[in-house]
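Here is a friendly walk through the pockets and the helix packing of one model. Take a look at the sequence and structure first, and then read on.

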Amino acid sequence: MKRILNSNQHEFLKRELNYLEEKGHLEPQQAAKLLSVYQLQTYPKKTEPASKSSINFVQTLLLFGALLIGLGILSFVATNWGALSKLSKFIILFIGLFSFYTGGWFFEKKRPQTAKALFYIGAFAFGAEIFYIGQMFHLGGKLENAFLAWGIGLLPLAYYLKDRILKVCSIAFIYYAIEVKFMFGEGWLPYVMVLIIPLLFILTNKLANDLKEVFLMNLVLMYQFVEMQFMLDEGWKALWMLAIIPLFFFIEKKVKEYQELLFIANLLLIYQFIEMHIAWKAVDHVQISYVFAGIVVTAGLFWYGHVKLQRSLPLFLANLALSIQWVFLLLYTSGVNNVSYYVATTFILGVVLQVLQSKFSDYPDVLKIIGIIFHFSMALVLTSPYIWLGFEQAPRLSGIQQGEFETYPIESMIPSVLFGTLYALYGFYLVKKEQLLGIAIVGVMVLRYYTDYSFKFLDKSIAFMIGGIILMALGYWFERTRRKEAKKNGKPPENK
Amino acid sequence: MENLPKTNKTKRLLLASFVLPAVILLGMTVQPVTTLMTGTPIALKTMPFDPKSLFYGDYIKLQYEVQQLPASLFDKAILKKHKAGAFNSSPTTVYIVLEKKDGNVFEATKVHETKPSEGIYLQGTIEGEPITDDRNQPPYFNVELNLDTISKYYVEEGTGKKFEQQSGQGQLLAHMKWKDGYVILTSVEAWGK
């Protein structure tokens with residue numbers, strides 16, 4: 001029996017064997033001989049894919065046609081056209097609905113696709129008639145009641161046709177009604193969801209086991225309930241989340257569907273809880289104890305992401321963001337109001353993160369990139385003498401005011417220029433090591449001081465010209481260093 | 001339906017597919033239709049509004065004069081529960097007794113806590129303490145009517161503005177049919193002051 005290859009594999013083998021024959025590694029005609037050991041896979045019904053796609057095309061057309069007609073019927077109701085009497089509109093819709101159903105039933109065997117489209121239109125007409133009754137008698141238009149009636153009325157048809165779209169739609173309509181009536185209900189009504197949600201899971205398991213969408217709807221209801229009743233609660237009820245979140249992780253382990261989605265949702269719950277019930281409280285009450293609690297929890301999350309989740313990058317980033325937040329909240333809850341301290345802290349954080357990168361190779365470049373962004377942007381701010389003003393005059397968190405300083409006092413000028421110089425020296429050091437960041441630092445520093453002083457002494461046109469020359473020189477220098485760096489790394493420079 | 005060989009279960013499902021929508025649709029019309037046919041005609045004064053609903057079309061949202069009633073009309077028992085300072089008292093179901101004043105126009109004459117055995121009434125709820133906007137005016141209650149059926153009047157697309165203009169000249173009068181506490185709107189018209 002010949003070995004079967006698909007067309008790609010066969011093509012490859014043929015090409016390579018011919019190549020070997022050409023090069024003299026194989027005897028003449030040997031390639032064809034070897035190739036004859038294999039057989040190209042053939043499709044017994046070559047016409048099938050084409051006909052299948054044409055059925056799909058027709059199906060899609062019919063489905064969209066039905067959708068458009070259905071929406072047409074719905075908007076016919078919404079226009080509330082005065083030229084037809086109420087009764088005639090009611091009768092037209094009523095007869096229309098059952099004509100579409102009967103038509104669907106009639107064509108079911110002969111033209112199944114058409115039949116399905118007719119049933120769909122009928123389903124829309126049914127909904128339209130429900131809305132029409134509400135409009136005709138001015139019943140007040142509670143959408144949830146209309147959707148409940150629509151959903152229940154469609155269920156037998158959906159199960160008769162074994163149609164997934166209809167099944168999911170009718171169940172979704174009923175869910176919408178449950179959600180509005182109970183979840184958003186007043187008084188004790190939302191608590192009925194404690195009974196309804198498990199019941200829905202049981203019913204789904206028994207009756208709609210094949211419908212993943214319904215299972216997902218149950219999960220959405222469950223998370224929504226927890227969010228509304230516990231997570232968003234300002235008082236002690238939020239503490240229930242401490243029991244609910246582990247329970248949800250347990251559930252996540254037990255279910256078979258949407259495990260990944262649930263896992264992400266649970267992690268989001270954890271971060272939401274930390275933000276809402278630890279970080280915000282730290283800000284509200286200006287209490288350092290919340291920050292310490294946050295730090296302990298974050299340390300746990302770092303461990304979890306690193307050890308249990310095999311160095312999950314998204315979790316690491318989230319934890320890093322939390323950690324940076326704790327640093328600022330530490331300052332805030334200790335009563336630091338001077339913006340200069342926050343700027344300086346961000347700068348130092350940037351440097352620390354960049355240095356830490358060399359210690360942690362598990363998360364490549366993350367710390368370095370964030371570190372550079374932090375210290376580079378803050379270095380620019382720190383070159384302003386404004387930040388270095390005395391403790392009394394420096395900008396405050398509570399209402400930042402622009403100081404009225406035409407010329408800054410010398411006590412703030414010296415440290416700002418000194419800082420600028422040191423940072424530029426760091427840039428030169430990096431340039432010497434042929435790192436692109438160095439060029440960027442030196443370049444930005446030059447431009448920063450250029451804009452600061454040039455306008456005072458020079459005519460504008462000269463200022464722009466020199467600025468242009470500086471930029472071009474920087475560009476040239478940048479390009480040259482890039483080539484050198486590329487050469488050093490053993491890659492050919494990209495000529496663009 | 002004999003052209004399709006089907007099991008009993010699918011036959012029943014097919015039958016239900018046809019019958020259930022019909023039952024739902026006709027069932028929805030029973031109470032409105034009987035009220036329209038056998039109910040007592042009443043009219044209430046309103047103040048209108050012009051929004052839109054995606055599924056039901058344009059409508060006028062109706063707010064009735066009987067939804068703002070002076071505290072003096074309420075039974076003493078109700079007033080005791082909702083005296084000044086009782087801003088967080090639990091809601092109380094009340095029955096507004098309506099009497100014919102001018103033509104078919106009905107006005108509130110009394111508010112009880114128990115359902116009246118005869119006469120025309122509307123059910124509603126009040127919450128909190130009586131409201132005093134102005135020292136010269138007696139305190140009043142806002143009554144939430146527990147009747148969705150008279151809260152919105154659906155109009156032909158684009159005609160809502162006409163009602164709004166009419167209401168600028170006078171007030172709108174909502175005509176309805178009342179039967180055993182259930183009310184159905186029949187028409188809305190302008191009436192000159």
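In this predicted model, the largest pocket holds about 960 Å³ of space. Its lining counts 29 residues, and A:Lys142, A:Glu186, B:Glu144, B:Leu145 and B:Asp148 are the closest to its centre. Several elements each give two or more residues to this lining: from chain A they are α6 (143-161) and α7 (164-183), and from chain B they are β4 (63-64), β8 (120-126) and β10 (144-145). Sorted by class, the lining of the largest pocket has ten nonpolar, ten polar and nine charged residues.

The second largest pocket has a volume of about 330 Å³. It is lined by 16 residues, and the closest to its centre are A:Gln354, A:Lys368, A:Ile372, A:Gln435 and A:Leu437. Here the elements that give two or more residues are α14 (339-357), α15 (366-382) and α16 (410-432), which belong to chain A. The class count for this lining is ten nonpolar, three polar and three charged residues.

Now to the helices. Two packed helices are described by the angle between their axes and the distance between the axes. The table lists these values for three pairs.

| Helix pair | Angle between axes | Distance between axes |
|---|---|---|
| α8 (193-207) of chain A and α9(A) | roughly 165° | within 10 Å |
| α9 (212-231) of chain A and α10 (241-254) of chain A | roughly 165° | within 11 Å |
| α4 (86-107) of chain A and α1 (8-38) of chain B | about 175° | 11 Å |

How do α8(A) and α9(A) run relative to one another, parallel or antiparallel? The axes of α8(A) and α9(A) cross at roughly 165°, so the two helices are roughly antiparallel. Their crossing is left-handed. On the α8(A) side, the contact involves A:Met193, A:Val194, A:Ile197, A:Leu200, A:Phe201 and A:Thr204, which meet A:Val214, A:Phe215, A:Asn218, A:Leu219, A:Leu221, A:Met222 and A:Phe225 of α9(A). By class, this contact has eleven nonpolar, two polar and no charged residues.

Helix α9(A) also packs against α10(A), where the axes again cross at roughly 165°; therefore α9(A) is roughly antiparallel to α10(A). This crossing is left-handed too. From α9(A) come A:Met222, A:Tyr223, A:Val226, A:Phe230 and A:Met231, and they meet A:Met241, A:Ile244, A:Phe248 and A:Ile251 of α10(A). The class count is nine nonpolar, no polar and no charged residues. A:Met222 takes part in the contact with α8(A) and in the contact with α10(A).

The remaining pair joins two chains. Helices α4(A) and α1(B) pack at an angle of about 175°, which means that they are roughly antiparallel. Chain A brings A:Phe90, A:Phe94, A:Leu97, A:Phe98, A:Tyr101, A:Thr102 and A:Trp105 to this contact, while chain B brings B:Leu14, B:Ser17, B:Phe18, B:Pro21, B:Ala22, B:Leu25, B:Leu26 and B:Thr29. What does the contact of α4(A) with α1(B) have by class? It has twelve nonpolar, three polar and no charged residues.

How values were computed. Residues are numbered from 1 along each chain as its sequence is written. Chains are lettered from A and ligands numbered from 1 in the order in which they are written. This is a predicted model: local features need pLDDT of at least 70, side-chain atom pairs count only at pLDDT 80 or more; totals for chains, interfaces and linings use all residues. Side-chain values use heavy atoms; hydrogens and water are left out. Axes are lines fitted to C-alpha atoms, for helices over the stretch in contact, and angles run from 0 to 180 degrees between N-to-C directions. Helices (H or I, at least four residues) and strands (E, at least two) are DSSP runs, numbered from the N terminus. Angles under 35 degrees count as roughly parallel, over 145 as roughly antiparallel, 65 to 115 as roughly perpendicular and the rest as oblique. A crossing is left-handed if the near helix is turned anticlockwise from the far one by less than a right angle, and right-handed if clockwise. Contact means heavy atoms within 4.5 Å. Ala, Val, Leu, Ile, Met, Phe, Trp, Tyr, Cys and Pro count as nonpolar, Asp, Glu, Lys and Arg as charged, and the others, Gly among them, as polar. On a 1 Å grid over the protein atoms alone, a cavity is a set of points where a 1.4 Å probe fits but cannot get out, and a pocket is an open set with protein on both sides within 12 Å along at least five of seven lines; lining residues have an atom within 4 Å of a point. Grid points are joined across faces, edges and corners, and a volume is the space filled by probe spheres set on the points.
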